[in-house]
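Student: I've got a fold open on my screen and I'd like to talk it through with you. Could we go over it piece by piece?

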Amino acid sequence: MTAWVKGQAADPDAAITAAAGLLQGARAPVIAGLSAEVAALSAAFRLARALGASLDPAASPGLYADLGALAAGGAMTTTPAEAVGRADLVLVLGEGAAGAPILADLAASGPTRGRAAGAPRTILSLAAGQGADYAAGEAGLPAAIGLLRAHAAGRMAGEAPLADLAARLRAAHYAVLLYDPAETGALGAEMLNGLMRDLNETTRAFALPLSDPHQGRAIAQVAAWTTAQGPRVGFGRGFPEHDPWRFDAARQAAAGEADAALWLASLPCPRPDWVRALPGVALLGATPAEPVTGGEAEVVIAVGVPGESHGGALWHPRRAAIAWQPAAQDTALPAALPSAAAVLGALHARLAPAQNPPTGHPVQERSAPC
């Protein structure tokens, strides 16, 4: 079974018609989740403009922690490949970064390029949990990063563990600070960017933010080349308006501003409670491990999972770029499920012509880098 309307099995074409009617009849629909391949993300922006809807990725909390700090004061970042090739000191910030897959690559090798080539690589940790080389303390990780910055810049003095860590960072040839933006938050990311600027007065040091599992880095790029803005945008006036507070989907639902939702998750993504409280449509990736039941929303359509049932352009954490992920060679995967992009395109085509805004700035169509 691939489509349901109000919990009952339905023909996919009928489900698309029902979905179009539900969204078109809404006053302020939201398109959320956005855990999907680039083609589906682009289709979601086109649909949002046609509906006058707003968009909000599931990855927004971590994504906007970085975007806010970047907008406030800039950032000095590196890539996973550069970190593996050049870093002689890696500082792991927080519990989220401690489980990053790239740590295995860093631990298994040493720097091979730049001034640190041939030197041993030191990996240290700063966290609130047990077992860290340096304790973040009761004030939490963002405050600890701020104190570390003060020591590194010479604004604080005295014998303290963070003073020792600051000295080790200043002595490194190429330091990399690995962190999870969702854990550090906006304040921690801002302090971290300031620490990078201070360290680079005398040495080389760069931040390496972890990408989230819900394609947040991909949606940020799609939003940039589509609207020249961040991903939390609204098309209520026929053109994209960026406002991270106003178009926070959870806030809109709690305030009664949103009256319908389309949840896009061709890649697994937990659905928040506010989605369940609104009349809505769900496009969900179906796998043997995570079957779609039809009770997830008023209209549910099962779609293929990119990189498994069909190929798709996805964010590649090791490359820190969007890259093509071919379909998996697995006969156990559901056959003949449509892609999320195809379903969104069919839904868009089913809207009444009057729903398409006649004026405003058009969504720019550009090819995704692969």
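This is a predicted model: local features need pLDDT of at least 70, side-chain atom pairs count only at pLDDT 80 or more; totals for chains, interfaces and linings use all residues.

Student: Let's start with charges. How many salt bridges does the structure hold?

Tutor: Here's the general idea: side chains of opposite charge can pair when their charged atoms come close. Across the structure, the number of salt bridges is 11.

Student: Next is the D56 and R232 salt bridge. Is R232 buried or exposed?

Tutor: The closest N and O atoms of D56 and R232 are 2.8 Å apart. D56 sits in strand 4 (residues 54-57) and R232 in the loop between helix 10 (216-227) and strand 10 (233-234), so the pair ties together parts that are 176 residues apart in sequence. D56 has a relative accessible area of 7%, which makes D56 buried. R232 has 10%, and since the cut-off for buried is under 20%, R232 is buried.

Student: Which helix holds D66, the salt-bridge partner of R217?

Tutor: D66 and R217 bring their closest N and O atoms to 2.9 Å. R217 lies in helix 10, so the pair ties together parts 151 residues apart in sequence, and the D66 end lies in helix 3 (residues 60-73).

Student: And which residue joins D56 and R232 in one network?

Tutor: Both D66 and R217 are buried, to finish that pair off. Back with D56 and R232, salt bridges that share partners join them into one network with D248.

Student: On to the pockets. Which element gives the largest share of the lining of the largest pocket?

Tutor: That pocket holds about 900 Å³ of space. Its 37 lining residues include P209, L210, S211, D212 and R217, the closest to its centre. Elements giving two or more residues to the lining are helix 3, strand 8 (174-179), helix 9 (181-199), strand 9 (204-209) and helix 10. The largest share, 6 residues, comes from helix 3.

Student: How many charged residues are in the lining of the largest pocket?

Tutor: Sort the lining by class and you get 22 nonpolar and 10 polar residues. The charged class has 5.

Student: What about the second largest pocket: how many nonpolar residues are in its lining?

Tutor: About 200 Å³ of space lies in this one. Its lining includes A265, R271, L284 and E296. By class there are 3 charged and 2 polar residues, and the nonpolar count is 7.

Student: Which residue of strand 14 is the bridge partner of G285?

Tutor: Strand 13 (residues 280-285) has 6 of its 6 residues buried, with G280, A282 and L284 pointing one way and V281, L283 and G285 the other. Strand 12 (residues 260-265) runs parallel to strand 13, joined by 5 bridges, and W263 stands opposite A282. Strand 14 (residues 299-303) also pairs with strand 13 in the parallel sense over 5 bridges. There, the partner of G285 is V303.

Student: Last one: how far apart are the C-alpha atoms of A223 and P326?

Tutor: A223 is found in helix 10, and its relative accessibility is 0%, so A223 counts as buried. Leaving aside neighbours within four places in sequence, its contacts are F45, A228, Q229, G230 and P231. P326 is 103 residues away along the chain, and the C-alpha separation is 23 Å.

Note on methods:
Residues are numbered from 1 along each chain as its sequence is written. Side-chain values use heavy atoms; hydrogens and water are left out. A salt bridge is a side-chain nitrogen of Lys or Arg within 4 Å of a carboxyl oxygen of Asp or Glu. Helices (H or I, at least four residues) and strands (E, at least two) are DSSP runs, numbered from the N terminus. Buried means under 20% relative accessible area, exposed over 50%, partly exposed in between (1.4 Å probe, protein chains only). On a 1 Å grid over the protein atoms alone, a cavity is a set of points where a 1.4 Å probe fits but cannot get out, and a pocket is an open set with protein on both sides within 12 Å along at least five of seven lines; lining residues have an atom within 4 Å of a point. Grid points are joined across faces, edges and corners, and a volume is the space filled by probe spheres set on the points. Ala, Val, Leu, Ile, Met, Phe, Trp, Tyr, Cys and Pro count as nonpolar, Asp, Glu, Lys and Arg as charged, and the others, Gly among them, as polar. Two strands pair if DSSP finds at least two bridges between them. Contact means heavy atoms within 4.5 Å.
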